[in-house]
Amino acid sequence: MTAISQVPLHNFHAEQGARFVNFGGWNMPVQYTAILEEHRAVREAAGLFDVSHMGEFQVSGKDAGQFLDRLLVNRIASIPVGKAIYSPMCSETGGVVDDLIVYRTGEDVFLVCVNASNIEKDFNWFIEHSKRWELEVVIEDHSSRYALLALQGPQAEAILLGMGFDIVDKLKRFEHVEATFSGAGIRICRTGYTGEDGFEIYTAPEVAEAFVRKLMEKGSASGLQLCGLGCRDSLRLEAGYPLYGHELSNEITPLEAGLGWTVKFQKEDFVGREALQRQHETGVQRKVVHFILEGRRIARQGTEVIDADGKPVGNVLSGTLSPMLNSPIGSALIATESSEGPLFVDLRGNLSALNVKKPPL
């Protein structure tokens, strides 16, 4: 039996009454109060998530930028220090191995954030390609060195300013900066996964609890709430953001997922380029769409999508209830040729029409 990993703040979460679930091999807080309440806090004030289950690699060396340029579909080598960039990482078939955020922390140093369930797979993928290409690059798994917090919502900046981090006032989207807390270095990044303004903060595990307690104290007057993974999923679906294993996978390419903007064909070469180039030239035969349903029934992952003639044209990838719309929402992978026509899901014998919308929903 595989042991479940604990995040550094586990005891703190238990003290706060968190309900836990196994997520990617990690015992993670799914909610503290009600998912609806936590979701609304992020949209209307601020929410604090513990996402320390995510993995972090340090990629350094003279060829670090070139290595990441060849490994990822987006352009990495040209971003300046202090910037971050989002990118899928593909196999030779064009399927997605993982989707990542890369932070340039030095001239030849990058911090790469990977999905929790993919840490071992991704690290092996990095090492395998570094050996194959024989580039001057060092790859280290630094996941245990970080606790990662996500402060999200319209009050996020004001709360950090209230803690004395004046530098965040000048941070733009996808920029990051070093700071200190209790004598330890932290990294504040204006990135997030909710569709709201916010920050992700990398701290050393030993100062994480003190940081969180201080943050909650300073943010209480602004409506800051602790939030679990339950509302994180509904927030990202409202925003139209992909979750690996759902809207992105080995079977779904960035072009099919609507992430063609991340694929830089102008680069000299990258893993998966030939397959993606062919798909780009011929056009995608399938595409990810986002939808709203009437009524209260949620279309869960795997639910078949049919056209007006009852012909199967795809499947639901994600589904939940939107607290802001008070309606079921979701995503589906469907045949491109069917994307403009009426689409339906059969929910326990009742046909529900998919109201296809461009996100954010």
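Modeller: Two strands are said to pair if DSSP finds at least two bridges between them, and the model that we are going to read with this rule in mind is a predicted one.

Biologist: What makes β7 and β8 a pair?

Modeller: Strand β7, residues 96-106, is joined to strand β8, residues 109-114, by 5 bridges, and since the rule asks for at least two, the two strands pair, running antiparallel as they do so. Within this pair, I101 stands opposite C113 of β8.

Biologist: Which strands make up the open sheet, and in what order do they stand?

Modeller: There are 5 strands in the open sheet, placed in the order β6-β7-β8-β5-β9 with antiparallel pairing.

Biologist: Why are β6 and β9 said to stand at the edges?

Modeller: β6 (84-90) and β9 (138-141) have a single partner strand each, so one side of each strand is left without a neighbour in the sheet. From one strand to the next, the twist averages 25 degrees.

Biologist: What lies across this sheet's strands?

Modeller: Helix α4, residues 119-133, lies across β5 (55-60), β6, β7, β8 and β9, and the helix runs at about 165 degrees to β9.

Biologist: How do you know that β10 is mostly covered?

Modeller: A residue counts as buried when its relative accessible area is under 20%, and in β10 this holds for 6 of its 6 residues. In a regular strand the side chains alternate between the two faces of the sheet. In β10 both faces are covered, with A147, L149 and L151 buried on one side and L148, A150 and Q152 buried on the other.

Biologist: Which strands does β10 pair with, and how many bridges does each pairing have?

Modeller: β4 is joined to β10 by 4 bridges, and β10 is joined to strand β13, residues 198-203, by 6 bridges.

Biologist: Which residues of the largest nonpolar core touch the most other members?

Modeller: In this core of 34 residues, they are F49, Y103, Y202, L248, V263 and L276. At least two residues of the core come from each of β6, β7, β8, β10 and α7. Apart from this core lies another, of 33 residues, including L149, A156, M163 and L224.

Biologist: Why does F265 count as buried?

Modeller: The relative accessibility of F265 is 15%, and buried means under 20%, so F265 counts as buried. F265 lies in the loop between α7 and α8 (273-282), and, leaving aside residues up to four places away in sequence, F265 touches F270, R273, L276, Q277 and H280.

Biologist: What makes the space lined by L9, H13 and other residues a cavity?

Modeller: Rolling a probe the size of a water molecule over the atoms shows where empty space is left. A cavity is a place where such a probe fits but cannot get out. A search of the whole structure finds 1 cavity of 30 Å³ or more, and the largest cavity holds about 40 Å³ of space, which puts this cavity over that limit. The lining consists of L9, H13, Y32, L48, F49, D50, L149, V212 and L226, and the largest share, 3 residues, comes from β4.

Biologist: What is the volume of the second largest pocket, and which residues are closest to its centre?

Modeller: The volume of the second largest pocket is about 250 Å³, and among its 15 lining residues Y146, E178, G185, I186 and R187 are the closest to the centre. β8, β12 (184-189) and β13 each supply at least two residues of this lining.

Conventions: Residues numbered from 1 in each chain as written. Predicted model: local features only at pLDDT ≥ 70, side-chain atom pairs only at ≥ 80, totals over all residues. Heavy atoms only, no water. Axes fitted to C-alpha atoms, helices over the stretch in contact; angles between N-to-C directions. Contact = heavy atoms within 4.5 Å. Buried < 20%, exposed > 50% of the residue type's maximum accessible area, 1.4 Å probe, protein only. Core = buried A, V, L, I, M, F, W, Y, C linked by side-chain atoms within 4.5 Å. 1 Å grid on protein atoms, 1.4 Å probe; cavity = no way out; pocket = protein on both sides within 12 Å on 5 of 7 lines; lining within 4 Å. Points joined across faces, edges and corners; volume = space filled by probe spheres on them.
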